[in-house]
Amino acid sequence: MQTVDLESCEREPIHQLGGVQAFGCLFAFSNDWLLSHVSENVPKFVDQTVDDLLGMPAADLFARDCLHEIRSRLQWLQFTDASERLFGVDVFGDGRSFDIALHKSEDLIIIEIELSDASGRMEAMSVVRSMMNRLVEGGTFSKFLQQAARQVRFVTDFDRVMVYRFLPDGSGEVVAEARAPQVDSFLGLRYPAYDIPPQARALYLRNHFRIIADVNGEVSKLVPEFRYDGRPLDLSLSVSRSVSEIHLEYLRNMGVQASLSISIIVDGKLWGLFACHHYEPKLIRFDRRTAAELFSQMFSREVAKREQDELLAVEAQARELHDRIMAGISVEGSVFDNLKGYLEPFMDVVGCDGVGILIDENYASIGLSASSEEVTSLRKLLNRSAASKVFSSHKLSSLLGESDFTLRIPGVLAIPVSRRPRDYLLFFRGEVVQSVTWGGNPEKSVEYGPNGARLTPRKSFEAWKENVTGQAEHWSKSDLKITEIIRTTLLEVILRSVDANDRLHQQANQRQDTLIAELNHRVRNILTLIQGVISQSRHNARDLDHFTSTVNGRIKALARAHDQITQANWAPGALRDLLENEVRAYSDTLDLQVELVGVNVMLAPQAFSTVALVMHEMVTNAAKYGALSVPEGKLRISWVLETDGAVSIAWLESNGPAVTPPRRRGFGSTIIEHSVPHELQGESQINYPAEGVRASFKLPAAYCELGDASEAPKLSIEDLPSPKVISVGARKSKVLLVEDNVIIAMDGEDMLREIGFKEIILANNVSSALNAIEANEFDLAILDINLGKETSFPVAELLLKMQVPFIFASGYDDTSLMDKNNFEDVPLLSKPFSKQSLVEALGSEMDLDD
């Protein structure tokens, strides 16, 4: 008999077994909806052979309404490991009813079907609500778990339903059970960690429900067996995925004929399972499976809440101890003297048998504790662990070897209270001899079986008792949480107990670290800003000289702003000084051509660079094309402090060359129009009447304050003549965007506005879209093809009659529906689409020249 390494079992690819159970049929489609793989039992579900089906378009296999519903649900799969389910669907158009499971596996669309019966179908939400109401309110945690097992058995009707909880060492214990009278009890049995290997636990985190309808049932292989790239299909999210032969043999050895497992996930970790056994083959209906899975999710949240309530109670106890310690410590006393008087209260808060404090070479303890020599050896171990983390072990002999010390005190929890030298507050626990009842002998060897290299799981599941010695009770999550709070208290004690020189030195180091961090942050911000200036300026440069000049001017503007605020020790800077600096950089006739009127407003450093860059672009444009480009031109910049503390700035050019609106929007225009709204949440507006540029800016009160200098005459922005609104062309005025997903609709609306469209009207279904067309004249429409239970083709037909250009958008590049409806010449955007792809599609319909 040859013993084997359990790692071979842990490496088994249980998500890539290449088949499904007989109750289900699997179809795998490519993104263009051609059938790439199918399970070989497909003739039992549809009157066609595997060879006939492979390569067939989905539209030729599935009924039209079924395919439309599937396409609509696919758009909901926005997240990794997402899946959808449909109930009572006429898949093939022959009147038969099927339940459908839908998910994506890499680039394949996986559709699984199984026959269903519409009679007596369970409404999952109502059932789960009733199940949750039956959980014991305010009862013990044990009663709560027991009631949960009863509720799952009610909905699944399995012979045995267990709540199986994973323990810190990886093993699992049956902590609650509901069973039929003739079935033996497994309550209290423990099972070793290798019974559920790591890859199985990882799969339970991804796919929360696992059913095995018949351990001796047939397996339907996938055809072809491998993907086009030679790899097996990943069926992690499959509901009918075939089962590892090792696990099937494990269940047969227990006498189990059918099983299902439902994950219990708390704080993103696998807390346990609802493990269900039946002693005859059993397939529960899809709607009941869904209700059980939904109940498990709600139950998991309730478990998390109860654990959180426990932690909150622990935190309150720790805070009370914190207040006691902080009220009683002496600033003049040493850390050791302050803390050794609180060893007994520490024992009351953390369940332990003894406490010790080790500061420098001073050591004191109460209760069960280590000697000074034993603490020295323990300190060497602790010094190898992370300085800022609490250390815990319930079996110290596994780290230090067996000795009188590690056998007498196997449990240690150490809180580091300093870095150099390492000082600790120590909690000790003595040995606890436990009698553990295992479901079979966990030490029994696993042997090679009749399948050669295949592992054969143990066959005996008779209760096997073991006395566990040489270890203490595990340190719980509550223990670790409270010690983290105590560690914070200890650090505060140290800060209040060190002498003045040490405090000053520490404070100086802290200030230095803060300054370095702040300097690093600001340097990174400046470098990122300059990188953006260079990158964006490159797009609009006519030649190398123009690019150099533009970048040089913008960086100098940033430098001037930086100099102003750094000279004032990063205090607020004067708006008037900022404007004078920018104007003088381009004009020597400030007093003759430029008038600055306003109170002494100071701008916060966070806003100073943003405003400086905006004003630089405005002055640059005035010097090149506007009022400052001719001697007789005039520029008036005025600002006023509003009653709400905000500052309004008005820009008025006159006597310059006749103004024409820019034909395109460059990076400079983007800075002017969007910097203040985007970075400061303020307002920007610029207009181009022929007599001179008009602009207005509003800076929020959070970035503004009134300086000490006397106020200059106030000029409200309302004193300026009303700006004339210019048109960007009728063909870029109004757009209809038909999209049933609100996030995608908002994203599309933003893209259209960035391109230059003025008004976007949203519709989420055919009816609202037709109403919008009746009430408006549109220049363009963008239509999502699939709108839940309908398509946008009626809207497209009306737009076609009205000769309004439109574009289709779809999550898949399948044009078969468009071709069948005579829309083959309409542009199609693949979702998610970018602004660039939208611009390219629009280019065939209209002039996008800005």
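Which residue of strand 32 is the bridge partner of Leu736? The bridge partner is Ile761. The structure is a predicted model.

- Five strands form an open sheet in the order 32-31-33-36-37, and their pairing is parallel.
- Strand 32 (759-763) and strand 37 (828-830) are the edge strands; each has a single partner strand, so one side of each has no neighbour in the sheet.
- From one strand to the next, the twist averages 20°.
- Strand 31 (residues 734-738) and strand 32 run parallel and are joined by 5 bridges, with Leu736 and Ile761 as bridge partners.
- Helix 23 (residues 766-775) lies across strand 31 and strand 32, and its direction is at about 170° to strand 31.
- Helix 24 (residues 793-801) also packs on the sheet, where it touches strand 31, strand 33 (780-784) and strand 36 (806-810). The direction of helix 24 makes about 165° with that of strand 36.

- An open sheet of 3 strands is ordered 23-25-30 and paired in the antiparallel sense.
- Strand 23 (573-574) and strand 30 (704-706) stand at the edges with a single partner strand each, so one side of each is left without a neighbour in the sheet.
- The antiparallel pairing of strand 23 with strand 25 (residues 601-603) runs over 2 bridges.
- Ala574 has Met602, in strand 25, as its bridge partner.

**Nonpolar cores**

- In soluble globular proteins, nonpolar side chains tend to be buried together.
- The largest nonpolar core here holds 40 residues, and Leu575, Trp639 and Trp651 have the most contacts inside it.
- Elements that give two or more residues to this core include helix 18 (575-584), helix 20 (605-624) and helix 21 (667-680).

**Salt bridges**

- The whole structure contains 27 salt bridges.
- Glu749 and Arg753 form one of them, with the closest N and O atoms 3.1 Å apart. Both residues are in helix 22 (residues 742-755), and because they are 4 residues apart there, about one helical turn separates them.
- Glu749 is buried, at 18% relative accessible area, a value that falls under the 20% cut-off. Arg753 is partly exposed, at 39%.
- Glu106, Asp107, Arg227, Asp229 and Arg231 belong to one network, joined by salt bridges that share partners.
- Arg179 and Glu177 meet through their side chains in a salt bridge of 3.4 Å, N to O. Arg179 is partly exposed, with 38% relative accessible area, whereas Glu177 is buried, with 7% relative accessibility.
- A salt bridge of 3.1 Å, N to O, links the side chains of Asp287 and Arg285. Asp287 counts as buried at 3% relative accessibility, and Arg285 counts as partly exposed at 28%.

Definitions and conventions:
Residues numbered from 1 in each chain as written. Predicted model: local features only at pLDDT ≥ 70, side-chain atom pairs only at ≥ 80, totals over all residues. Heavy atoms only, no water. Pairing = 2+ DSSP bridges. Salt bridge = Lys/Arg side-chain N within 4 Å of Asp/Glu carboxyl O. Buried < 20%, exposed > 50% of the residue type's maximum accessible area, 1.4 Å probe, protein only. Core = buried A, V, L, I, M, F, W, Y, C linked by side-chain atoms within 4.5 Å. Axes fitted to C-alpha atoms, helices over the stretch in contact; angles between N-to-C directions. Contact = heavy atoms within 4.5 Å.
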